[in-house]
Amino acid sequence: MKYTLLNSTTTAKATDCLVIGVWTKGKLTAPAGALDDALAGELRRVVATGDISGKVGDTLYVHPSAGKAKRVLLVGCGEESALEARSYRKAVNAAIKALFKSNAKDAVMTLAELPIKDRDGAWALSMLVQECESSTYQYDQTKSKKMAAYALKSVACSTPKGANRSAMNEALKAGLAIGNGMNTAKELGNLPGNVCTPKYLASTATKLAAKHKTLTTKILNEKQMQKLGMGSLLSVSAGSKEEAKLIVIEYKGGKATSKPYVLVGKGITFDTGGISLKPGGAMDEMKFDMCGAASVLGTMTAVAQMGLKINVVAVIAAAENMPSSTATKPGDVVTSMSGQTIEILNTDAEGRLVLCDALTYVERFKPKTVIDIATLTGAAVATFGDQTSALLSPNQAFADELLGISQDTLDLAWQLPLWDEYQSLLESNFADIANIGGPRAGTITAACFLQRFTKKYTWAHLDIAGTAWLSGAQKGATGRPVPLLVEYLRRQKA
Ligand code: BES
Ligand code: MN
Ligand code: ZN
């Protein structure tokens, strides 16, 4: 989709569809009022019929008899004084849904000029473009009948009066990059496990790097990981014919000497549980167990597209977790790259086993910060459902920064404690540490495990088991937490 900032007044531009908001009780928003004047009160007469209540997300098409817009899409925006970030996003999504149903090939959107209580115009514009672009996503890669593309091809956005033009341009670009990054993450997440293998993730990274001068990749195979002593990571791929890959992507947008921000993604391309085999119900959804890796790739896509002036390193620990005669067994003890030995009491707690070696590997970059992103625990789904990612960090200032950004982007995350009191749950009689902490506090003990490998830098962990994909009729990857990660990186100074 093509996005532009509108130069002219909204009523002066010829368009297939003009999208404007209406408040409750039939009150017209400013752009609606201007249009109504140009249409000699036609809009007011439509609203007076009561066919649109003005409730957030209500929509109604009007085909005006005059003016430059073939259609007008009225969108309910609620009480004028009550429009806030969440209701704005809801109104935007309702508008997009209605727009995509029509045959309009271009549209003028005026929602970003509405006053939002807790946000500015740049945020409104960026969110509009992000939601629009991510809504264009349709999965058809493994269907024999391809989806027809939406008719809508270009969107011109109006901006609040007096808005800073370059700030608006930047917001537009960021929204587009985030939406695009989310779509990259969704596609990788949705691909089946027999297509999206560790090798596929590696070649996706290589192809992405070929598109941007600022990106380089290095792919480590099992032999190279063996040399580095990654006995923990390799214990996960031991039962699979698919070779594990450690995918390293470097983005250089800052000075050569500037320390990078590091992202580490869990890339289990299918999680059967291994010898600790999972029950059969909904096991297909374990193809989504690489959504952490997908979000990292989506974020790098967006970072490169925006040309951020910082350095970023992404590391993906990619493996398939399978049972077989060569698979790791409960009770096996392996040695991690850090030298710490691990008793594997449950082969289904494999995410932490691949992540711990990746987290040791990234020490070499002397990172400013490290965030790992993983579909790590069913307990995170039980705790937070599909709305909220779990955030854990021993560094409260860092946690607060990420929590703040999650509120700003509405890519919600909430903190769980990472207190030393939980560490004893991981004690083992036969190794330095066990890979499970028992049935309780599962998200916390998983993070406690990772914490033992992250002592040398500022670190936070995002458990996205609940938020990375939806189940049921809506089954599919969400592209989260790309908005949170991209916004975090956007705010960093070299
Ligand atoms: N990939 C799963 C976590 C998961 C489960 C995400 C269900 C989303 C939905 C992870 O590898 C796993 O199996 N975790 C186990 C850990 C347990 C054995 C300590 C879990 O959460 O049950
Ligand atoms: Mn598992
Ligand atoms: Zn898993």
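**Notebook: a manganese site and some loop residues**

I began with the spacing of the donor residues of the manganese ion (ligand 2), which in sequence reads D-x76-D-x1-E. I note at the outset that this is a predicted model.

**Entry 1: the metal site**

I asked which atoms coordinate the manganese ion (ligand 2). I found Asp271 (OD), Asp348 (O), Asp348 (OD) and Glu350 (OE), at 2.0 to 2.2 Å. Next I looked up the angles. The six donor atoms around the manganese ion (ligand 2) subtend 71 to 167°, so the arrangement is irregular.

Then I checked what Asp271 does besides. Asp271 bridges the manganese ion (ligand 2) and the zinc ion (ligand 3). The two ions lie 3.2 Å apart. I placed Asp271 in strand β9 (residues 261-271). Glu350 sits in the loop between β12 (341-343) and α10 (351-361). Asp271 and Glu350 are 79 residues apart, and the pair links distant parts of the chain.

**Entry 2: Lys266 in β9**

I stayed with strand β9 and looked at Lys266, which is placed there. Lys266 counts as buried because its relative accessibility is 1%, under the 20% cut-off. What lies 2.9 Å from a polar atom of the Lys266 side chain? I found the backbone oxygen of Thr375.

**Entry 3: two prolines**

I moved to Pro439, in the loop between β16 (433-434) and α13 (442-451). Pro439 is exposed, because its relative accessibility is 83% and the cut-off is over 50%. I also checked Pro439 against Ala380, 59 residues away along the chain. Their C-alpha atoms are separated by 13 Å.

Pro481 came next. I found a cis peptide bond joining Arg480 and Pro481, with omega about 0°. Pro481 lies in the loop between β19 (476-477) and α14 (482-490).

**Entry 4: positive phi**

I looked up phi for Lys25 and found a value near 60°, positive in a residue other than glycine. Lys25 belongs to the loop between β2 (15-22) and α1 (30-38). Its relative accessible area is 74%, so Lys25 is exposed.

Ala282 is not a glycine, yet I noted a positive phi of about 60° for Ala282. I traced Ala282 to the loop between β9 and α9 (291-306). Ala282 has a relative accessible area of 47%, so I logged Ala282 as partly exposed.

Key:
Residues numbered from 1 in each chain as written. Chains lettered and ligands numbered in written order. Predicted model: local features only at pLDDT ≥ 70, side-chain atom pairs only at ≥ 80, totals over all residues. Heavy atoms only, no water. Donors = N, O, S within 2.8 Å, 3.2 Å for Na, K, Ca; no water. Tetrahedral: all angles 85-135°; square planar, octahedral: opposite > 155°, others 65-115°. Helix = DSSP H or I, 4+ residues; strand = E, 2+ residues; numbered from the N terminus. Buried < 20%, exposed > 50% of the residue type's maximum accessible area, 1.4 Å probe, protein only. Polar contact = N/O pair within 3.5 Å; in protein donor to acceptor, adjacent residues only side chain to side chain.
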